[in-house]
Amino acid sequence: MKKLITLSLIALIVTSCSSIQDKKEKSNAQVVVDFYDMAFNKHKPKLAADTYIGDKYIQHNPYVPNGAKPFYGYFTGYFKKNPDSSASIKRVVSQGDLVMIHVHSKQNEKDKGKAIVDIFRLENGKIVEHWDVIQEVKTDTASGNSMF
């Protein structure tokens, strides 16, 4: 009987921990999606940074320095040059404190765009670190498959 109670308690704890982790991962994913939409579709990088980036922001993109201010400074200039740019999120994966998104980014409607995988690390519901991998979208591929 004690073993059954112990096993039941362990199962309950594991289920509760899993449920808490699922909620955190969903919350983190929503933070990144909302951040991305505000920054890259609504072209409000300062508001996005103020709302979703933490006190520290480690940047691994080779063109953007660390910190929220360099992020929104860089993209404010980018949007002045590319007022019709947009970003369509195709996939979102959340695991622990990491959220990965697969994005089709375009400078304008005629642009084939770029395929981007952005990886964000969050702490306490705020984005604190970023990596990305970017490649030109090709319509003709060796496999015949699209990039999305």
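**Close-up views of a predicted model**

**View 1. The buried face of helix H2 in this predicted model.** Helix H2 spans residues 45–52, and its buried residues are Pro45, Ala48, Ala49 and Tyr52. Seen down the axis of H2, these buried residues fall within an arc of 95°, so they line one face of the helix.

**View 2. The open sheet of 5 strands.** The strands follow the order S1-S5-S4-S3-S2, and their pairing is mixed. Strand S1 (53–59) and strand S2 (86–95) form the edges, each pairing on one side only. On average, neighbouring strands of the sheet are turned by 25° against each other, direction ignored. Helix H2 packs on this sheet, where it touches S1 and S5; the direction of H2 makes about 110° with that of S1.

**View 3. The pairing of strands S4 and S5.** Strands of a sheet pair through backbone hydrogen bonds, either parallel or antiparallel. Strand S4 (residues 114–123) and strand S5 (residues 126–136) run antiparallel and are joined by 10 bridges. Lys114 has Glu136 in S5 as its bridge partner.

**View 4. The largest nonpolar core.** This core contains 25 residues, of which Phe35, Tyr36, Phe40, Phe71, Phe120 and Ile127 touch the most other members. Two or more residues come from each of helix H1 (2–41), H2, S1, helix H3 (68–81), strand S3 (98–106) and S4. Helix H1 gives the most, with 8 residues.

**View 5. The surroundings of Tyr36.** Leaving aside neighbours within four places in sequence, Tyr36 is in contact with Asn41, Ala87, Ile89, Ile101, Val103, Ile116, Asp118 and Phe120. Both Tyr36 and Phe120 are among the core residues that touch the most other members.

Conventions
Residues numbered from 1 in each chain as written. Predicted model: local features only at pLDDT ≥ 70, side-chain atom pairs only at ≥ 80, totals over all residues. Heavy atoms only, no water. Buried < 20%, exposed > 50% of the residue type's maximum accessible area, 1.4 Å probe, protein only. Helix = DSSP H or I, 4+ residues; strand = E, 2+ residues; numbered from the N terminus. Arc of directions from axis to C-beta. Pairing = 2+ DSSP bridges. Axes fitted to C-alpha atoms, helices over the stretch in contact; angles between N-to-C directions. Contact = heavy atoms within 4.5 Å. Core = buried A, V, L, I, M, F, W, Y, C linked by side-chain atoms within 4.5 Å.
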